[in-house]
Amino acid sequence: MAMKVGLSSRVFALNTTHLSEVLDNTSRAEAAAVVMGSWKVFWVSGAIVFLQMIPAILSWGQHGHYATCKIAERLLTDGVRAAVKELLPEFANGELAAVCSWADDIRFHYRWSSDLHFVDTPDFRCQYEYCRDCHDPAGHKNRCVTGAIYNYTLQLMLANHNSVSERKYNLTEALMFLSHFIGDVHQPLHVGFTGDLGGNTIQAHWYRRKTNLHHVWDTMIIDSALKKYYDLDLTNMITAIQRNISDNWSDDMGSWEACASNYTVCPNPYATESIDLACKYAYRNATPGSTLEDDYFLSRLPVVEKRLAQGGIRLAATLNRIFSSQSPISVA
Ligand SMILES: [Zn+2]
């Protein structure tokens, strides 16, 4: 029996044996090649809601998401920028960055989406493995940030190659989720340890303010930088990051953008980088009860700025691949 799918973006893992029923004219092989290697993760809109206690895990704050998407916007090709604008909701006023925190705004309305903002590893394991780690707290496979990135990329790709899919998925929501989650997976503590909920349960002081480690990385480092270096103007910070991209990181851009084997999207290496940075920078010297001040701030800010740059560059590269008419849906 064909899987019924509606216009909601609700997602659940789909057994690949149902794939041909769901994907209409798109062949199983073509679609499988969109996602990484052997995982063949497919998610579609559906009606299952996992109602659970949702941990208070937030994402890059509004500033972080806005910066990521602003950096991405400038790197879209003209044709892709137009395709993206077509999908944006009216309230975006044609600006992708304006909707990059939407997924946070609706997370308590779309409660099923709450677990899709992060992926945590077993405690003190500084390596990420999709198969082991990508599940929600109840153990449902593929419900994590990297699984969600595959899901929404697939929805947009299928719609771009197959008009039937356009009616199946809410592509505006798919674009807004994808743009948000590519930002999230670059926040190191969105790939943190399970036991402390990615730093959420590690209470600390940020200078004199009581907070938790996750929030330090979502928001406080960026806010302190805005205050100290950027005249409280996010545009100045984004301009500085863009200058770094063209001056200091131009040689790295190619490798940051690329996906192995010409895949359309490749969130797994980004998650691997994040847990590595979480171990080396976020958790280090940030034990429960510690006070984090200049030493921590000054050594971690470059990490945050580089992750915002990488997130923006990779979001743009992914959207360029998805919407480019030359781009094949599958790997040769
Ligand atoms: Zn998020």
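View 1. The protein chain averages a pLDDT of 84, with 78% of the residues scoring at least 70. This is a predicted model, in which local features need pLDDT of at least 70 and side-chain atom pairs count only at pLDDT 80 or more, while totals for chains, interfaces and linings use all residues. Residues are numbered from 1 along each chain as its sequence is written. The protein chain holds 14 helices and five strands, which are DSSP runs numbered from the N terminus (helices H or I, at least four residues; strands E, at least two). Of its 332 residues, 48% count as buried, that is, with 20 or more other C-beta atoms within 10 Å of their own. Take contacts between residues at least 6 apart in sequence: 77% of them join residues at least 24 apart.

**View 2. Helices H7 and H9.** H7 covers residues 145-161, and its 17 residues reach 24 Å from first C-alpha to last, close to the 24 Å expected; the expected span is 1.5 Å times one less than the number of residues. H9, residues 171-184, has 14 residues and reaches 20 Å, close to its expected 20 Å. Because 14 of its 17 residues are buried, H7 is largely enclosed by the rest of the structure. With 13 of 14 residues buried, H9 is therefore largely enclosed too.

**View 3. The largest nonpolar core.** This core has 80 residues, and the members touching the most others are Val-145, Ile-149, Leu-178 and Phe-181. A core is a set of buried Ala, Val, Leu, Ile, Met, Phe, Trp, Tyr and Cys residues joined through C-beta atoms within 7 Å. Helix H14 (residues 294-323) supplies the largest share of the core, 11 residues. Zoom in on Ile-149 and, leaving aside neighbours within four places in sequence, you will find Leu-178, Phe-181, Ile-182, Val-185, Val-265 and Pro-267 in contact with it.

**View 4. Ile-71 and its partners.** Ile-71 sits in helix H3 (residues 62-73). Ile-71 has 24 C-beta neighbours inside 10 Å, so it counts as buried. Residues up to four places away in sequence aside, Ile-71 touches Ile-238, Ile-241, Gln-242, Leu-308, Ala-309, Gly-312 and Ile-313. Leu-308 is 237 residues away from Ile-71 in sequence, yet the C-alpha to C-alpha distance is 8.2 Å.

View 5. Strands S3 (residues 203-206) and S4 (residues 209-212) pair in the antiparallel sense over four bridges; pairing calls for at least two DSSP bridges. Across the pair, His-205 stands opposite Lys-210 in S4. Two residues lie between the strands of the hairpin, where Tyr-207 takes a positive phi near 55 degrees. The open sheet has three strands in the order S4-S3-S5, with mixed pairing. S4 and S5 (291-292) stand at the edges with a single partner strand each, so one side of each is left without a neighbour in the sheet.

Terms used. Buried ≥ 20, exposed ≤ 12 C-beta atoms within 10 Å, placed from the backbone. Contact = placed C-beta atoms within 7 Å. pLDDT = per-residue confidence, 0-100.
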